[in-house]
Amino acid sequence: MAINTKGVQGRREVHYRTPQEVLVDARQLAEAEHIETLGNWSPGQIFDHLAKAFDMAIDGADFRAFFLLRWFATLFLKRKFLERGLPPGLPTNECFVPEPIDNDAGLARLEDAIGRYLQDPRRGLHPIFGKLTPEEWTQFQLRHCEMHMSFLKVQQDVTAPATADV
């Protein structure tokens, strides 16, 4: 059964200033012995989803939201999302729902996508907000990463199962 991510408690507080900071955090999580996932996606799926978003910033999206949503979102949500972050539980277009992928493969995809994003100055249209400046694209990417990465935590309290005395 899917978790309603709008109400998930105990998420990490994450704030990134650069895409490189996203990679540092992702690598630390991937190296951890036990990662707790508070949402519906594995760490590999989250890394892969974020990689797709970085690629979309360069290539553009295969879809556009309908006009009224684009108009409303640009007027009332864009600044809020870029400055304060994205709320969990927003609907995701099917093309961005990640297939199962192991953590290392997802991390490799994220490393490649962020490397490409940092090297390639081209930016496509955002499917909801339309034309964004390069700075706005980066702010969107960072806020998007913060929301998804907040669902991953290193488990600190992992104990071996108790054994009964015989």
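Some ground rules. Residues are numbered from 1 along each chain as its sequence is written, and side-chain values use heavy atoms, with hydrogens and water left out. Because the model is predicted, local features need pLDDT of at least 70 and side-chain atom pairs count only at pLDDT 80 or more, while totals for chains, interfaces and linings use all residues.

Overall layout. The protein has six helices and two strands; these are DSSP runs numbered from the N terminus, helices being H or I with at least four residues and strands E with at least two. Starting at the N terminus, the order is α-β-α-α-α-α-α-β. The C-alpha trace spans about 70 × 35 × 25 Å along its principal axes. Of the 166 residues, 42% are buried, meaning under 20% relative accessible area with a 1.4 Å probe and protein chains only.

Now the helix pair. How do α2 and α5 lie relative to each other? The axes of α2 and α5, residues 103-119, come within 7 Å and cross at roughly 20°. They are therefore roughly parallel, a term for angles under 35 degrees.

Last, the surface. Phe 66, Phe 67, Leu 68, Leu 69, Trp 71, Phe 72, Leu 75 and Phe 76 make a nonpolar patch of about 890 Å². Patch residues have over 30% relative accessible area and no salt bridge (a Lys or Arg side-chain nitrogen within 4 Å of an Asp or Glu carboxyl oxygen), and nonpolar side chains are joined within 5 Å. Phe 66 sits in the loop between α2 (43-59) and α3 (67-76). Phe 66 counts as exposed because its relative accessibility is 57%, and the cut-off is over 50%.

Conventions. Patches are made of residues with over 30% relative accessible area and no salt bridge: like charges are joined within 9 Å, nonpolar side chains (Val, Leu, Ile, Met, Phe, Trp, Tyr) within 5 Å. Accessible areas come from the Shrake-Rupley method with a 1.4 Å probe; for residues, only the protein chains shown count as cover. Axes are lines fitted to C-alpha atoms, for helices over the stretch in contact, and angles run from 0 to 180 degrees between N-to-C directions. Angles under 35 degrees count as roughly parallel, over 145 as roughly antiparallel, 65 to 115 as roughly perpendicular and the rest as oblique.
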